[in-house]
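Q: Let's go through this model by asking what lies behind each label. Please show the structure.

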Amino acid sequence: MDIRIQPSILSADFANLETDFASISSADGIHVDVMDGHFVPNLTFGLPVVKRMQEISTLPLDVHLMIEDLDRWAVEYAKLGVFSVTMHIESCRDVVGTIKAVKSTGSRVGLAIKPATPISAIEPYLAIVDQVLVMSVEPGFGGQSFIPESLQKIRDLKAKLNALSLSTWLQVDGGINLENIEAVAATGADTFVAGSAVFTASDRAQSIVSLRDSALKGSLTL
Ligand code: DX5
Ligand code: ZN
């Protein structure tokens, strides 16, 4: 199984993004957390900043939208040419229409669920998205602890994807570190967001290698 490590730039130095992007060039992508201060209590950045990130990044940008009114805004992020746009099901009204609009730009599309949202909320759409994201912390802040109940959720979601013979990427975001990534990979996740675990490491490139190695080890038990 392919394993992907995507550092979250929520933990980066926003005054030195170009330097911080370069420090994680061995990653598989960069996870970009867009927060609007409404859907989540925190506020990060919006379209103009993601546009510049897309211009300077050599890695694919995986945009995680934690904002209201996705029906209007998701496609605008996709139009920037980013690699993928992931939307929270809790914040989308016309889910199928918005998925189609994002896909029509050439971007990959994902659906995310908060810790309290059951996987049944995204089940009807599994066949028409490229990735699903299980939040393993309450969205809004980096550096929180992994919620252990997420493991069963990932397991259940993986079982559903397998039952439908779908190769949809299964992403997990929040509290991922070297201590738990192997166990999380053993539940079927293949795409790992890690913010503080990468950015606080003394050697970021090495931390990405170590995370990938441990995740691979966990995935071999599947
Ligand atoms: C939280 C964000 C995460 C966060 C992860 O709302 O979606 O991407 O940056 O940070 P860590 O890995 O520190 O939990
Ligand atoms: Zn995120």
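Q: Which residues are the closest to ligand 1, and how many surround it?
A: This is a predicted model. In it, 20 residues surround ligand 1. Asp33, Gly140, Asp173, Gly195 and Ser196 are the closest.

Q: What are the distances from ligand 1 to Ser196 and to Gly143?
A: For Ser196, a side-chain N or O atom is 2.5 Å from a ligand oxygen. For Gly143, a polar backbone atom is 2.8 Å from a ligand oxygen.

Q: Why is helix α3 called roughly parallel to helix α4?
A: The helices, residues 70-78 and 95-103, pack at an angle of about 15°. Angles under 35 degrees count as roughly parallel, so α3 is roughly parallel to α4. Their axes are 8 Å apart, and the crossing is right-handed.

Q: Which residues of α3 and α4 meet?
A: Leu70, Asp71, Ala74, Val75 and Ala78 of α3 meet Thr98, Ala101 and Val102 of α4.

Q: What is the make-up of that contact by class?
A: The contact of α3 with α4 has 6 nonpolar, 1 polar and 1 charged residues. Asp counts as charged, so Asp71 is the charged one.

Key. Residues numbered from 1 in each chain as written. Chains lettered and ligands numbered in written order. Predicted model: local features only at pLDDT ≥ 70, side-chain atom pairs only at ≥ 80, totals over all residues. Heavy atoms only, no water. Axes fitted to C-alpha atoms, helices over the stretch in contact; angles between N-to-C directions. Helix = DSSP H or I, 4+ residues; strand = E, 2+ residues; numbered from the N terminus. Parallel < 35°, antiparallel > 145°, perpendicular 65-115°, else oblique. Left-handed = near helix turned anticlockwise from the far one by under 90°. Contact = heavy atoms within 4.5 Å. Near = heavy atom within 4 Å. Polar contact = N/O pair within 3.5 Å; in protein donor to acceptor, adjacent residues only side chain to side chain.
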